[in-house]
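Q: Could you take me through one part of this model up close, starting with a single charged contact and working outwards from there? I'd like the cut-offs spelled out as you go.

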Amino acid sequence: MTDAVGALLEQWRRECPNIDFSPIGVVGRLMRISRMWDKEIKDFLGEHGLEPGEFDVLSTLRRSGAPYELTAGAFLRTSLVTTGAITLRVDRMQGKGLVTRVRDEGDRRMVKIRLTDHGLETIDRTLPLHLANEDRLLQALGGDDREHLAGLLTGLLESYGDTPPSARGGK
């Protein structure tokens, strides 16, 4: 038995035996599993009243450490989303009481995004459940396979320059 990508590879190899379709074996599978996981994660977070982008904001602020706030610029560098997207997201989350905007005491022109108590409680409650859900998504792989796959994917991402902001000269 093969997966859907394996089936289409067989068809291509039969139709065009002189072409190397092996890239589809990796890229096609990564794209397919990504779409499946995106849906699974979106559905899971929806059950907890969050959208994936909101969870990203909450987790970015939470992992920044107390007082769980970042300037808009620092947040943009950390999360790699556009200014417009983050503004809309923060507006929506502020309406839900998850985050607030605060003026920097040293520079009143600078605005920080900060977790509210409700936002902190929400991420602290949801994060372990989210990790358990991701563990479920990986249940077909043992620990060694997970580590090996993570290493391979790290190398692939690094080859595209996907490095932490501090490694790129940002803060």
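A: Happy to. Let's begin with Glu 15 and Arg 14, whose side chains meet in a salt bridge with 3.5 Å from N to O; the term stands for a side-chain nitrogen of Lys or Arg within 4 Å of a carboxyl oxygen of Asp or Glu. Both Glu 15 and Arg 14 are exposed, where exposed means over 50% relative accessible area, buried under 20% and partly exposed in between, using a 1.4 Å probe and protein chains only.

Before going further, a word on the ground rules: this is a predicted model, so local features need pLDDT of at least 70 and side-chain atom pairs count only at pLDDT 80 or more, while totals for chains, interfaces and linings use all residues. Residues are numbered from 1 along each chain as its sequence is written, and side-chain values use heavy atoms, with hydrogens and water left out.

Now to the helix around that first pair. Helix α1 covers residues 4–15, and its 12 residues reach 17 Å from the first C-alpha to the last, close to the 16 Å expected at 1.5 Å a residue. That expected span is 1.5 Å times one less than the number of residues; helices (H or I, at least four residues) and strands (E, at least two) are DSSP runs, numbered from the N terminus. Val 5, Gly 6 and Leu 9 are the buried residues of α1. They cover an arc of only 95° around the axis, so they sit on the same side of α1; the arc is taken from the directions from the helix axis to the C-beta atoms. Arg 14 and Glu 15 are the exposed residues carried by the face turned away from that buried side. The buried residues of α1 pack against α2.

Still in this stretch of sequence, there is one aromatic pair to look at. Trp 12 and Phe 21 are stacked, at 5.2 Å centre to centre with 20° between the planes. Rings of Phe, Tyr and Trp (its six-membered ring) pair if their centres lie within 6.5 Å, and planes under 30 degrees apart count as stacked, over 60 as edge-to-face and the rest as tilted. Trp 12 is partly exposed, with a relative accessible area of 41%, whereas Phe 21 is buried at 10%.

Back to the charges: the whole structure has 14 salt bridges. One of them joins Glu 40 to Arg 136, with the closest N and O atoms 2.6 Å apart. Glu 40 lies in helix α2 (residues 22–47) and Arg 136 in helix α6 (residues 117–137), so this pair ties together parts that are 96 residues apart in sequence. Both ends are partly exposed: Glu 40 has a relative accessible area of 34%, and Arg 136 has 37% relative accessibility.

Another salt bridge pairs Arg 92 with Glu 54, the closest N and O atoms being 3.6 Å apart. Here Arg 92 belongs to helix α5 (residues 83–95) and Glu 54 to helix α3 (residues 52–63), distant parts of the chain that lie 38 residues apart. Arg 92 is partly exposed at 37% relative accessible area, but Glu 54 is buried at 0%. Through shared partners, salt bridges join Glu 51, Glu 54, Arg 92 and Lys 96 into one network.

Key. Contact = heavy atoms within 4.5 Å.
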